[in-house]
Structures are given as structure tokens and as C-alpha cells.
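Student: I'm new to this one and would like a close look at a single part. Could you walk me through it?

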Amino acid sequence: MSSTILAIELAYWQQTGLRALLGLVGVLLPAGILVYLFLFKMMSFMQSRLGPMEAGPYGSLQLLAEVGKFFQKEDLIPAAADRVVFKMAPFVVLISTFLLVLVIPAGPDLWFIDIDTGIFLALAVSSISVIGILMAGWASASKYSLIGGLRAAGQLVAYELPLVLAVMGVVIQAGTLNVQGIVMAQASGEIFGWGGIGNPFILTQFVGFAIFLIAVQAELTQPPFDMPVAESELVTGYLTEYSGLRFLMFFIGEFATAGIFSALAATMFLGGWYVPGLDPTDNLFNVIGPLVLIGKMVLVAFLIFWFRFTYPRFREDQLQQLAWKFLIPLSLVNIVATGILKVVF
Amino acid sequence: MTDVSNRNQLAYIAAQASDARVNVEFETEGMTLNLGPQHPATHGTLRVIVKLDGERVLRADPMMGYMHRGYEKLAEVRTYPQVTTLVNRIDWLGSFANEVPFILAAERLMEVEAPPRAQWIRTILFELSRIANVILFLGDMGVQLGAVTPVFFAFRDREFVLNQIEAVTGGRFHPNFDRIGGLKDDIPKGWTEETTGVLGRIRTFCDEMEDLVTGNEIFQARPRGIGVIPAEVGLAYGLSGANIRGSGVDWDLRRDGGVGLAHDQVDWKVWTHPDGDSFSRYWVRLQEVREACGIIEQLLGGIPSGPVMAKVPRIIKVPAGEAYVETENPLGVMGYYVVSKGDLVPFRVKIRSASFSNISITPWVLEGAYVPDVVSILASLYFILGDIDR
């Protein structure tokens, strides 16, 4: 949010309050959309079920019911747990999510922070969740949690690299780390001199897009990369001992991060809040930009959840091999190719 | 004790203690993980105590008995027709198949034989319960490997099979339909056509499994080459059913057993796989579901006419003697050793259930495996807890 939005002058405290509120919306809205659309409905349709149908039209109020259920549950802490760390862990995971949402612009003037190292910040803060997960795994004083936490740490560190390297291609092509700049570069881009739809980077960075999605899937510890929470072996890994509100926090963290990473992918590869045919500086985008972004986010998230509900999970060694032997070399090749082509054209 | 020896002893203890402390600092300690009795992977109350070094299994001990219901003892105070009610619950997914070997053993003791029509319908129901049992395994294998969707397909399509079993027997899970000398009732009108339709659905389900699970790259990568059981080891541990056929042993009691079922009347094939790993066990089961569809289809085409019940007295007293009959049940070989003293109740019933023998290989096969593989190996051995504990 710039200091003036739609030409309304706001005091500092008003701005801060508004930002905090919108940050909350920015975290909860994607989580809610993804849980309802994909976890409740798409998963059910794929498995020849209907999913929730009773609460509200087509079960749309089921989410509220679920949240209400979590609120009522007792906040259990194992006797042997490290209480302070155990209680802190969900917050650390959520903080990473809240910091991540800051960098994504939803319109030409709709952003929380506009810094020149936006993408860099996003990738840096997304790693904070690893610490939260490790804390949860260690503090639970449960063997399942411990194994899950360690697996998560190994996995997230391994997939941090392809995630960063996949983004490098976009950064090279856009010539900036600024997220708003990346959107603008796509909006004002041209495909061999034809500027009809701008130049969404997915056309040139399709390899980067694929690697980014795979790495995001792994960062979210979703199937096929859900070794840390493998419910058939580790019960639910580092989440095993959590109940009630603290479990809900992890849950929101997971789905909100899925949504925000999808939005980030949409921003970097699909043009973000921009739709072709309009002037990117048009004030109209401050209104329809968020909607466009949510639409694109749902598109990307569809891919993520499609894999999630279809694939069995990788084994730990196969998962590491995929990262180190395949994704990282491929993304390095992608960077080199992008660099060469950038110089040539 | 003298002073000197006392001092020596103290010195020795001190040396040991200091030595132990050094060792504690440099050696890592293994971790004991308790899989079960309440655990999502064991679909029941099996407990596997796994000693781990990192994620590698040093030793795995299956602990059973959490669901022991004492059926062998209970059978001694039930009349022969009442025993089928009990044994229904042994392998609860393919429950009709549990009744068949017991009834066959009792028939052998009484020297009666079921009429051909009863034998054919028995075989059809036997194979239907095999399908109902094994397609759930096909879905469950996906769940154990982390794919949630296949099991819903399995439950969806199993329902059609259960409906057909229910249409004949009146019970979805516990038919209690087999009688000494035949069957309780004939099949209802129009049942054969309906069943043919259901078999089409099951075939479609098998194709879906091929696409969704078998054809999946990750699934291809996961269970291949783990949990390898060579044929001789498998035989030594008493494995049976698809577990041993997955190791390349061509042994199927439906073909080799020669008991009173109609399998020899139709044309079918025993599937084996040479690898002996988890994948081959899965693959063999998938083929067996298809094969069972073929068997049922052929049997439905030529059910002989006649009664479904032989002439047996109303109050069944089994002559003194012993009989052991085993059949190829969905989980493997299931046998009943029935000893009669010429009474209303059996003197002793020993139940040889397939899963009990199949699970006995777990310490051997799990040694050196990794935790993720423990689950997929256990899943591929496919046991039902009721079948282990009885």
C-alpha cells in the first residue's frame, strides 16, 4: 500500500492498521480459497465423492465449521515436551507466511513493501518456516515428530536451491529483483515485436516454471514430497503432537503458503495482476488487480493440488536425488541459456 | 572378601565406568520406534517394534495378539453350523472364503459332497470375496505409498461386489451362507446378468489402477527392488498366496489342491512374477483380480442345474475322525484341521490362516530396510489383522 491509495491521504497509524488488516486477509483468503476449492471439492470430485455439501450452499461454510471445531479442541502439550519451543513453533511457521505475503503486488499501487530485492526477500523469508518445523519436531518429544522434523529440514534445504535458481531465470530476463518491476517487464514486454499480450515469462521460462512448481511442492511438504508428514509411516510427522489451535496454525500456514507461492509463481511467470489489452498504469488495476491475481493463483494452485492428490510420495533418497542430480543442474542450464539468449536478443 | 580383592574390584568397576562414559560420547545410540498397535500403517492392531539406526532398520519384531479373539477355543463350544458365523470374521474382507475350507473339512468327515450347482455357486462366491478383498489391497497399496486417491476408487468399486454377495447371502461382510452339504439358498433371479455387469466394472477398475498407480513413475520407483524375498526363503517361512507367487513359485491350491471347488472346470492361469519384491507382489495381485473376473464369468455361463443342498440330517453330528482341508484364500493358504469325536461340536479346530505365516517373515525382510520402505513392504505382504490373530 503506498501512502496514497486512490488519492486518499492516510495517517501513519491508519496506514499501519490497514496494512496489518490486509496482511491478515492476504494470508487467510488464499488459505480459505485453496482449502475449499481444492482440499474439499476438487479432491472429492477426483475421488468420486461430493465433499462437504451440508454447511451452506455446496458446503461453502464448512470451513467455518472446521475452524470452529479447532477452536473448541483442547490445547494438548505432551508432558515431556519442551513447552516454550513447542508453543512457539506454529508462530514461527506463520511468521514466514506473513512475511512472504508482503512482497506480492496486487496492482500498480497495491503493495505492502516495494523494495528492489523483493524476490530475494521472498525466498529468504520462506526459509524461516524450516526453523519452525524443526522446532516442532524437536520439541514434541515424540519419535515420529523428530524423524519428521529432520526429514523436513533435509528436504527444505535441498529444495531451497532449485527454488532460487528457477527464479534466477526470471530475474535475468526482467533485469530486476523488484517484484513490481517483474510484473511491469512482463506487461510491457513484446514477443518478437508483437506486444498484444505482453510477454508472460512462462513462454520463455517454462523450464523455470516447472522447476519452481516442483520446488514449491517440496517446500510445502505436499505429496509427492510429503515424506516429513508421511501419514502412513510417521502418523503426521512433526504435526503428530499438535492439536487444536496450534494445529490450525500449521494448517493455515501450509495452505496460505501454497496460495502465496502460487501467487508468486503467477506474478513471475503469468504476468501477475496484469491482464493483456489494458495499460498497466491504469488505475483500474487497483480494483481488478487482486481479482486477476487470485484467478491466476488458483490456476497455478490447481496444478500443485492436482499433483498432490494423484501421486504417491517419493522416498527420502529419491527425493534428494531429484533435487541434487536433476533439478539443480537443469536450473543451472536454464540460467545459462537465459543469459545467452538475453545477450543475443 | 579381602581388602585387596575389594580394591581390585573397585578399580575394575571404575575403569569400566570411565570406559563406558567415553563410549557414550562417541557412539550413537539406536532408536526404538514403535509402529503400532495404534498406527495408520498397520490397518489394525499390529505392533512392529523397529530398532533404527538413523532411518535404517536394524531389527524389526512384529508383535501380534492385540486382537486375539480365541476362535479356535470358541469353535469347541459351537455346533458345526454355528462355526461359520465365527470364522466369517477371521479375514473380514473376504469373509465367505473363510467358511469354505471349514465346511469342506466337515463335509469330508461326514462323507457328503455338495451337489454340483452348490459347488459352482460356492466357487463364484469364493472368487467374489477374493475380488472384494484384493481390490482393497490395490487401493491400500497406494495409500501406504502416499497416494490418497486409489483407495477411494477401491472402496467405490468394492461396493458393487459386496452388493452382489449381499444379493445372494443377505450379508455384506458376514455372509454365513455355506452349509455342510451345500448352500443355504439358491442364487436369486437375474443375479448372473448383474454379476457380469459388475465384473465389467471391476475390469475397468483394474485398468484405472494400471493407469493411476502402476503406470505412475514414482510408484514404479518406490516398491521395486525392496523387500525382496527369494523363493526358497519365502517357502521356508511358509509364505503363501500372492506373496509366494510374487517370488516366482508357481503354486496355487485352486489349481493344485483338488478340493471340492469348481476351479478345475474353467480355463484360467496362475500368475507369477520372478522378482520377489514388493512391486511383484502388487502386480501378481492385480493380475489375480483380473483372473478372478475371468473365472467368475466362465462359471456364470455354465452353472449346472439341480439342488443346492445334499441330503444331510437336520441335526448334524459329525462322525469321529480328523480332516485337514486348505484352500487358496484371498490372503493365501487357509486351512482347517478339524478333529471330531462324533459329537455335535468339534473336539478341536486348528486354523491355519495365511496372514499369520505371511507376517512371520517380517523380521527377515525388514532388516536393513529404511523406514519408508518398512511401510511399503508391510503393505505389499498384505495381511489382515483378524487373519493374524484369529
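Student: In what sense do strand β6 and strand β7 of chain B pair, and over how many bridges?

Tutor: Bear in mind that this is a predicted model, where local features need pLDDT of at least 70, side-chain atom pairs count only at pLDDT 80 or more, and totals for chains, interfaces and linings use all residues. Residues are numbered from 1 along each chain as its sequence is written, while chains are lettered from A and ligands numbered from 1 in the order in which they are written.

Now to your strands. β6 (residues 321-329) and β7 (residues 332-340) of chain B pair in the antiparallel sense, over nine bridges. (Strands are DSSP E runs of at least two residues, helices H or I runs of at least four, both numbered from the N terminus; two strands pair if DSSP finds at least two bridges between them.) With two residues between them, β6(B) and β7(B) form a hairpin. Look across it and you'll find B:E328 opposite B:V333 in β7(B).

How far can you trust the chain? Chain B averages a pLDDT of 83, and 94% of the residues score at least 70; pLDDT is the predictor's confidence in each residue, from 0 to 100. For the complex, the predictor gives an ipTM of 0.74 and a pTM of 0.79.

Stepping back to the partner chain, 24 residues of chain B are in contact (C-beta atoms, placed from the backbone, within 7 Å) with 24 residues of chain A. On chain B's side, β1 (31-35), α5 (116-144), α6 (149-169), α8 (217-221) and α15 (371-381) each supply at least two residues.

Key
Contact = placed C-beta atoms within 7 Å.
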